[in-house]
Amino acid sequence: MTGTVSKTERLPIKDSSDVVFVRQRVRVWATNLKLSLVDQTKIVTAASELGRNTLEHGGGGELEIAEVVDGVRKGIRLSFSDKGPGIADIKQALTDGFTSKQGMGLGLGGSKRLMNEFDIKTAPGEGTTVTVTRWK
């Protein structure tokens with residue numbers, strides 16, 4: 001991940017209403033950063049998918065939203081983390097068409113395509129952290 005974090009906000013993800021709040025807060029951050037409507041939509045869509053994954057597969061967790069700066073460009077970094085069972089097969093989880101039955105149908109691969117940077121750290125029994133960045 002590139003860039004320096006200039007400010008952050010942490011949000012718990014414990015139930016479905018938290019996923020809705022995550023979407024709202026991510027949209028506010030994207031709007032404040034003056035990202036285009038298309039970029040706002042991409043970020044909010046990825047946030048919704050990753051927030052739902054954190055809740056449904058990780059048993060809940062948290063989101064850290066960060067404004068990042070890299071030279072003259074600014075962006076938003078979202079880091080979703082949980083202490084759930086982890087992902088046994090990352091390659092399969094990133095395969096197109098592989099998604100949970102209750103997600104938006106994008107899965108991790110779809111979320112990855114919506115963002116400029118994507119990183120996942122996971123191990124069976126040790127939880128998962130997915131970090132994504134979208135640059136202006």
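Start by selecting I76 and, setting aside neighbours within four places in sequence, you will find it in contact with W29, A30, L33, L35, I43, I65, A66, V68, V132, T133 and R134; contact here means heavy atoms within 4.5 Å. What you have open is a predicted model, in which local features need pLDDT of at least 70 and side-chain atom pairs count only at pLDDT 80 or more, while totals for chains, interfaces and linings use all residues. Residues are numbered from 1 along each chain as its sequence is written, and side-chain values use heavy atoms, with hydrogens and water left out.

Buried means under 20% relative accessible area, exposed means over 50%, and partly exposed lies in between (1.4 Å probe, protein chains only). In soluble globular proteins, nonpolar side chains tend to be buried together.

Next, switch to a cartoon of the whole chain. There are four helices and five strands, where helices (H or I, at least four residues) and strands (E, at least two) are DSSP runs numbered from the N terminus. Following the sequence, you will pass through β-α-α-β-β-α-α-β-β. Of the 136 residues, 44% count as buried. Among contacts with a separation of 6 or more, 66% are between residues 24 or more positions apart. The C-alpha atoms fill a box of roughly 40 × 30 × 25 Å along the principal axes.

Two loop stops remain. Select K34, in the loop between helix 1 and helix 2. K34 counts as exposed because its relative accessibility is 63%. Check its backbone too: K34 has a positive phi of about 60 degrees, although it is not a glycine. Most residues other than glycine have a negative phi.

Finally, go to H57, in the loop between helix 2 and strand 2. With 45% relative accessibility, H57 counts as partly exposed. Draw a C-alpha to C-alpha distance from H57 to Q92: the two are 35 residues apart in sequence and 15 Å apart in space.
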